[in-house]
Amino acid sequence: MLLQSLGSTTLVLPLKSLLIKMQFFFFLVSGGLVQSCGHIIPESPVLALGSNFTALCILNESCLDFGNIYANQIIWKIKNKVVPKEQYREINRTVSSVTFNDTSSLATPLTCNILADGQIEQNIYGITVTIGLPPEKPKNLSCIVHQKSRLRYPMTCTWNPGRHTFLDTHFRLKYRWPQENFPDCIPKDVNNSCTIDDVQFFVNLEVWVEAANALGKAESDPLVIDPIEIVKPLSPRNLSVNSGILPTVLKLSWENQISIAVMKLKFNIRYRIIGDTNWMQVPPEDTASPRTSFSVQGLRPYTEYVFSIRCMKEDGVGYWSDWSEEKTGVTTEDKPSKGPAIWRIIDASCSPASWTALEPSEASGVILQYEVTVRAKSSLSSPPEKYNVSTTNLTLKLPNGTYEVTVIAHNRVGASPPSVLLIPASNTKAPVKNVRTLPKDGKLWVGWTAPNSYVLKYVIEWCLVSNSSDCTIEWQNEPGNIQGTYLKGDIKPFKCYLITVYPLYADGQGSGQSVKAYLQQDRPSKGPTVQTKKVGKAEAVLTWNHLTVDEQNGFIRSYTIFYKTIDGNETAVTVDPSKTEYTLSSLTSDTLYTVRMMAYTDEGGRSGPDFTFTTQKFGKGEIEAIVVPVCLAFLLIVLLGVLFCFNKRDLIKKHIWPIVPDPSKSNIAQWSPQVPAKHNFSSKDQMYPEGSFTDVSVVEIEADDKKSFSEQDLKPFDLLKKEKSTSEGHSSGIGGSSCMSSPRQSVSDSDEGETTQNTSSTVQYSTVVLNGYRDQTPVQVFSRSESTQPLLDSEERSEDHAGGSDSTTQRQQYFKQNGGQDETNTDRPCFERTKQITSANEGDLVGFAQLQISGQSSQLLGLGLEKNTQEAALLGVLQTSTEGQTVRPETVEGNPLSVDEMPKSYLPQTVRQGGYMPQ
Amino acid sequence: MAAADSSSVALRRRDLCSRGIRLAGKMRSDVIDLLDTYVERQGLDASASVAVVEGVPMAAVEHWDEQTGTQRLLENLAAYRAFRALLAQMLEEQREQLGEAGAALGRALAAVLLQVTAWLATARCHLWRIEAVSGLSRRQGRSKGTENYGLVKGVLGPAPQLQDARLCRLHMDAFFPPGSHFLCIEFVL
């Protein structure tokens with residue numbers, strides 16, 4: 001009965017089929033069992049990778065009528081991917097095939113589907129496809145028989161299983177005798193080895209490996225072998241070591257674990273001194289035959305040895321057993337084979353004689369004591385002194401001289417041959433030459449050149465040089481026919497050793513030759529600490545201390561000084577290692593430098609701490625070069641000032657301590673207002689005998705006295721002179737008759753005007769003289785004073801100086817200089833020129849004053865020429881440029897008025913409050 | 001080097017030829033151990049020796065001068081076949097009588113039985129070798145071999161046909177170059 005309908009499926013499948021087949025939707029149910037409408041041939045194929053494959057989908061006839069299903073409706077799919085229809089072939093109405101040329105394109109599942117009604121895809125059947133490789137031929141088959149006990153000999157064979165097949169591949173180890181087969185050996189959990197529990201010897205066994213999977217079977221090449229030839233026997237057991245009669249022999253005994261009926265054995269015996277790692281071996285030919293004991297000879301007396309033994313088939317076919325457990329044995333004592341090596345260490349107070357403890361091989365037993373005999377060579381009559389000691393050194397206090405020391409070692413068996421050391425009074429014999437060292441194989445080799453004389457033996461002393469401990473001397477003897485040896489002590493790396501070589505002669509000793517050496521060098525543990533000793537402007541003297549020997553870790557080959565500014569590149573300087581001071585030069589002044597220092601050995605360098613310093617701003621003597629000249633100049637100025645003051649002392653004295661007129665000497669009785677002309681004239685004549693100042697006031701600057709002025713020089717000032725004349729015309733007035741009047745107010749700037757105003761307001765006294773030639777009698781001379789009492793002419797001048805304010809001091813001084821000239825009379829030619837100028841017109845006077853200045857600065861003169869239309873400006877320039885040598889044009893300008901133009905008045909220009917009011 | 005190789009081959013050849021004797025020696029040793037175990041377990045006379053045990057192959061030295069090597073070998077083959085049958089019977093009886101308690105004795109019997117089987121297999125190879133050399137000589141028109149490295153030329157005579165001489169050929173060809181006439185007379189007890 002057909003229960004199935006499209007799109008509605010009942011699944012009733014056996015469990016086994018469920019596991020291997022896919023889900024199907026197109027079923028027939030018959031008799032309670034569900035039947036598929038088709039199936040695929042082959043069912044669950046296993047395919048070789050790369051091979052071709054064809055599958056058939058066969059539809060059931062019973063489904064054809066009910067479902068209208070035919071082979072041409074079949075669709076093949078790999079997983080969910082439709083196989084191209086080019087690979088289909090309709091064999092008949094119920095069978096469709098699909099072909100794959102390369103199984104690598106296959107995957108599981110491969111399903112047969114159908115398009116019901118040409119639209120709906122339904123699955124008919126599916127198969128799993130397994131793809132893999134056939135097994136490769138196993139290779140490299142080898143076997144070994146491991147003896148497990150006396151009667152049990154399992155054989156293990158191993159092989160290379162070949163490539164991975166992706167399939168379940170079974171390996172079998174097969175073996176047989178001729179006409180006798182054995183059960184296969186099946187590997188457990190592995191695919192490359194198997195163990196046959198027991199094998200029989202002396203018969204050839206053919207062994208091979210068979211590998212098989214679903215795609216095929218492969219066999220290895222057969223291995224034909226007698227198992228006796230591949231046995232690895234158990235090692236001999238119960239090894240024992242017994243001392244023999246001789247002190248150099250030990251006897252070994254053991255048990256073999258394999259019957260001689262099975263295998264004849266040969267042996268290897270190895271042994272070593274206990275504590276030593278190097279094994280020695282009994283010559284194999286001595287143990288190449290079956291045995292259970294052997295006597296090892298040539299051993300050292302009283303020495304503990306370790307033994308071990310192994311065995312293998314006598315003919316060498318097969319494998320060596322493992323080494324047996326180790327057993328020890330001790331040889332018996334013998335008398336010491338040689339005397340101990342002996343040496344002395346000369347001390348100022350005593351002579352310690354030292355000898356080495358005998359090596360166990362030399363002592364041949366336990367050394368019970370050393371017998372030391374000291375014999376003075378100089379006095380043969382004196383008996384030798386004998387000492388019995390158990391230590392390896394003896395301190396002797398011997399007077400200066402030559403001695404012979406003999407040491408004999410004693411053990412339980414006997415005494416050693418004597419060792420003799422000659423201690424001469426002094427080492428006068430030839431020393432060795434060219435002592436050198438070389439680290440080699442972790443040890444320190446010392447070499448030297450032998451002296452020409454025959455040397456009995458050499459003694460090599462060495463000690464570790466350290467800051468923290470004394471140099472403890474160790475030594476060793478070497479025969480006289482060698483010229484180099486390794487130091488036998490515990491030589492440590494990075495430590496400095498002082499090594500001394502002494503040649504010993506039959507009749508004395510040579511002096512020692514020393515050398516320092518390192519077994520291994522390293523970088524210094526620290527760098528030198530550098531500091532400055534002296535810092536200059538462009539150089540700095542650096543100083544440092546040598547590293548201690550413990551810090552050096554090697555030979556210091558060089559120092560390198562690195563220095564730099566904060567933002568500059570670092571500069572390196574290499575310094576000889578013997579130096580402790582270095583001068584950095586070409587530094588920049590007033591600059592912060594950072595300096596550090598590295599010490600180098602052959603293995604590298606290490607830097608010390610940074611040190612900073614700043615170079616000085618001035619170099620040595622620069623400050624002195626500046627200060628001293630300044631001081632000298634100052635002193636010179638002072639000196640010149642003093643000299644000047646000294647020369648002008650009278651004038652200074654006059655200024656500071658003015659001459660106070662003696663009233664008692666005044667001639668007031670002679671003063672008469674009715675005859676002032678006579679009085680003034682007389683007075684004027686007395687003070688100014690030349691009478692030149694009656695016409696004009698001239699300020700003359702002495703510094704320019706040397707400059708002469710020609711008429712040509714005066715010409716450029718003609719224009720200015722005319723301007724002046726015009727200006728003066730405008731400023732004429734009452735002040736124009738006085739030398740202290742200020743017509744300049746009309747030509748000077750405001751400052752000058754202020755000065756003039758001050759002058760006008762503060763000058764309370766003035767000397768008013770009549771303009772007239774001295775040959776003419778002046779009309780009147782008027783003097784003004786604070787006092788209501790008329791003063792003498794001389795008195796008034798004194799009061800002018802004393803009563804002047806600070807602001808007027810300078811100007812007053814010039815007036816006084818003018819007056820002073822008269823007194824000092826030091827510049828007579830100038831006065832003569834002045835007379836000439838005075839006789840000229842007023843324009844000439846102005847020009848004269850300007851030339852005095854131009855004598856100092858022609859530039860100023862030029863400037864004045866360019867601006868000669870600006871009189872005020874010119875005067876300003878003049879006044880500025882001649883500061884200190886002030887020219888008072890007003891004094892020039894105030895006087896050019898002719899006698900006719902002068903107002904006939906004695907009124908002062910300004911009258912201070914409380915001042916004198918002339919009547 | 002060539003001399004060393006030659007020496008090595010000669011040594012191994014000697015070893016191969018002595019293999020039968022050594023196998024027989026080991027087998028005898030194992031039989032003695034087996035006998036001691038058996039006597040001890042059965043409470044028999046401890047003075048019994050292998051020599052008095054019936055069926056253990058013995059070297060019939062008294063007839064050696066009268067026999068060829070082939071004859072001796074064939075005689076030994078018969079003796080060992082009988083011995084193997086005896087051991088197989090003993091092993092069967094031992095399993096029935098002693099059960100698990102006699103497992104050690106059974107293993108010892110099985111080991112000896114295996115060795116007898118091994119000896120027989122080796123003997124067959126020597127017979128094959130004898131036959132092969134005999135056939136070679138006949139083809140070459142030679143009656144006797146001329147080489148001797150501690151071996152003696154085998155006495156050529158009729159030899160049993162071997163059903164499977166492959167293993168014998170594989171092994172012996174390593175020691176006996178094709179065309180040589182070496183035989184292992186030492187193998188013959």
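Here are some notes on the cysteines of this predicted model and on one of its sheets.

1. Let's begin with the disulfides: the structure holds three of them over all chains. One joins A:Cys57 and A:Cys112, with the sulfur atoms 1.9 Å apart. This pair links distant parts of the chain, since A:Cys57 sits in strand β5 (residues 53–59) and A:Cys112 in strand β10 (residues 110–116), 55 residues apart. The torsion about the S-S bond is about -85°, so this disulfide is left-handed. A:Cys57 is buried at 0% relative accessible area, and A:Cys112 is buried at 0% as well.

2. A:Cys143 and A:Cys157 form another disulfide, again with sulfur atoms 1.9 Å apart. Here the angle about the S-S bond is 105°, and the link is right-handed. A:Cys143 lies in strand β13 (residues 139–146) and A:Cys157 in strand β14, so the pair ties together parts 14 residues apart in sequence. Both cysteines are buried.

3. A:Cys185 and A:Cys194 are also bonded, their sulfur atoms 1.8 Å apart. With a torsion of about -90°, this disulfide is left-handed. A:Cys185 is buried at 8% relative accessible area, and A:Cys194 is buried at 6%.

4. Now for the sheet: four strands of chain A make an open sheet in the order β17-β14-β13-β21, with mixed pairing. β17 (193–196) and β21 (231–232) stand at the edges with a single partner strand each, so one side of each has no neighbour in the sheet. Strand β14 (residues 155–160) pairs with β17 in the antiparallel sense over four bridges; A:Thr158 has A:Ser193 in β17 as its bridge partner.

5. Two further cysteines deserve a look: A:Cys311 is buried at 1% relative accessibility, whereas A:Cys645 is partly exposed at 38%.

Terms used
Residues are numbered from 1 along each chain as its sequence is written. Chains are lettered from A and ligands numbered from 1 in the order in which they are written. This is a predicted model: local features need pLDDT of at least 70, side-chain atom pairs count only at pLDDT 80 or more; totals for chains, interfaces and linings use all residues. Side-chain values use heavy atoms; hydrogens and water are left out. Two strands pair if DSSP finds at least two bridges between them. Helices (H or I, at least four residues) and strands (E, at least two) are DSSP runs, numbered from the N terminus. A disulfide is a pair of cysteine sulfur atoms within 2.5 Å. Buried means under 20% relative accessible area, exposed over 50%, partly exposed in between (1.4 Å probe, protein chains only).
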